[in-house]
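Please keep the sequence and the structure in view while reading.

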Amino acid sequence: MSTILFNEIVFGPVKSRRLGVSLGVNLLPKFGKWCNFDCIYCECGFNKDGKEDKKLPTIDEVWEALEDKLKNHDQTIGRIDNITFSGNGEPTLHPYFFEIIAITNVLRDKYAKEAKVSVLTNGSRIGIKDIADALLKVDNAIIKIDSAIESSVRLIDRPQFDYSINKITTNLSPFKGKFVLQTMFLRGRFQGEYFDNTTDKEVNAWYEVIKNTEPREIMMYTIDRETPAQGLEKVTIEQMNRIAAPLIEAGFKITISG
Ligand code: SF4
C-alpha cells in the first residue's frame, strides 16, 4: 500500500479532479499524518502508520512559503484556480488556523486575485468559534459528511472522538447556503464488517442532512487511488448520478467525480 504524504508546507500546483489547478497548503507535519478521523480510504494512510514527526509549521513559515509560491506565479507556476488547505491530515487542528487563513486571504488578494481559497475539512471542529469564523471567510469551506448514519461513520471515517450527526448538523447552522458538502461513496468490508453508503437507507438519511444543512454545492466522489484498507469498492458514476438526481431536481449544484 502506498500512501501520499506532502513533504512541503506549500506543494504543487496539482491538477485536481474537483479543484482545477490547486496549490496545496499542508498545516500538518511534513513527514507524518495528524488527524482526528482515521478514514479507511485516507490517501495519507492509517493514523497508526504515520511517522513520528509531530512538528507543525509556524505562522511565519506558512506565510513565507505561500508568499514565495504566489509572487510572480504567472512566470513560475502559471495560473492558480485554488489555494487549497489539505495535506497530511485535518488542517483545522493547527492551533493558528484562524490567523493563517487571514494571512492567506491577504496574500491571495495581493498576488493571485483569481484564485479561490478552499479548505478541505472533516468538520469536526466547526463548533469552535475561531474555526467557524475562519471557514466562513474562505471561498470554499469543503466539509466532509460521508454518511448520515453514525455506525457507518464509525466504520468508514473512524472518528477518534464522540462523533454525532446531530452535533455536526447543529454546528453547520451558520454555514447554511455557504459551504460545500463533500461525500465519498464506497462500499466494502473492513475488519469483518460490511458497509455500503449507497443503500436506500443511507441515501435517505444523507438527503435529510442535506435538507437540514442546505449546502451551496455538493461534491460526490469515489475512490481514485490506492487505499490503506484493502477490498474497498468504487461506486460507479451511474450510481452517483442516480443518487444525485432528486437533489439536482430540487435545485442543488452537484459535481460528481468517478
Ligand atoms: S479526514 Fe481526511 S485526512 Fe483525516 S483520515 Fe479522513 S481522509 Fe484522512
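Leaving aside neighbours within four places in sequence, Leu135 is in contact with Val119, Ile126 and Ala141, where contact requires C-beta atoms, placed from the backbone, to lie within 7 Å. This is a predicted model, in which local features need pLDDT of at least 70 and side-chain atom pairs count only at pLDDT 80 or more, whereas totals for chains, interfaces and linings use all residues. Residues are numbered from 1 along each chain as its sequence is written.

Leu135 and Ala141 touch the most other members of the largest nonpolar core, which has 64 residues. Such a core is a set of buried Ala, Val, Leu, Ile, Met, Phe, Trp, Tyr and Cys residues joined through C-beta atoms within 7 Å; a residue is buried if 20 or more other C-beta atoms lie within 10 Å of its own, exposed if 12 or fewer, and partly exposed in between. The element that gives the most to this core is E6, with five residues.

Strand E6 (residues 180–190) pairs with strand E7 (residues 193–196) in the antiparallel sense over four bridges, pairing being assigned if DSSP finds at least two bridges between two strands. Arg187 has Asp196 in E7 as its bridge partner. The two strands form a hairpin with two residues between them, and Gln191 in the turn has a positive phi of about 50 degrees.

## Surroundings of the ligand

The ligand is surrounded by Cys35, Phe37, Asp38, Cys39, Cys42, Cys44, Gly89, Glu90, Asn122 and Asp157, a residue being near if its C-beta atom, placed from the backbone, lies within 6 Å. This shell divides into five nonpolar, two polar and three charged residues.

## Arg18

Arg18 is found in the loop between strand E1 (10–16) and strand E2 (20–25), and Arg18 counts as partly exposed because it has 19 C-beta neighbours inside 10 Å. Not counting residues up to four places away in sequence, Arg18 touches Met219, Tyr221, Thr255 and Ser257.

## The chain as a whole

The chain has eight helices and ten strands, taken as DSSP runs (H or I, at least four residues, for helices; E, at least two, for strands) and numbered from the N terminus. Buried residues make up 42% of the 258 residues. Among contacts between residues at least 6 apart in sequence, 72% join residues at least 24 apart.

Along its principal axes, the C-alpha trace spans about 50 × 40 × 35 Å.

Definitions and conventions: Ala, Val, Leu, Ile, Met, Phe, Trp, Tyr, Cys and Pro count as nonpolar, Asp, Glu, Lys and Arg as charged, and the others, Gly among them, as polar. Two residues are in contact if their C-beta atoms, placed from the backbone, lie within 7 Å.
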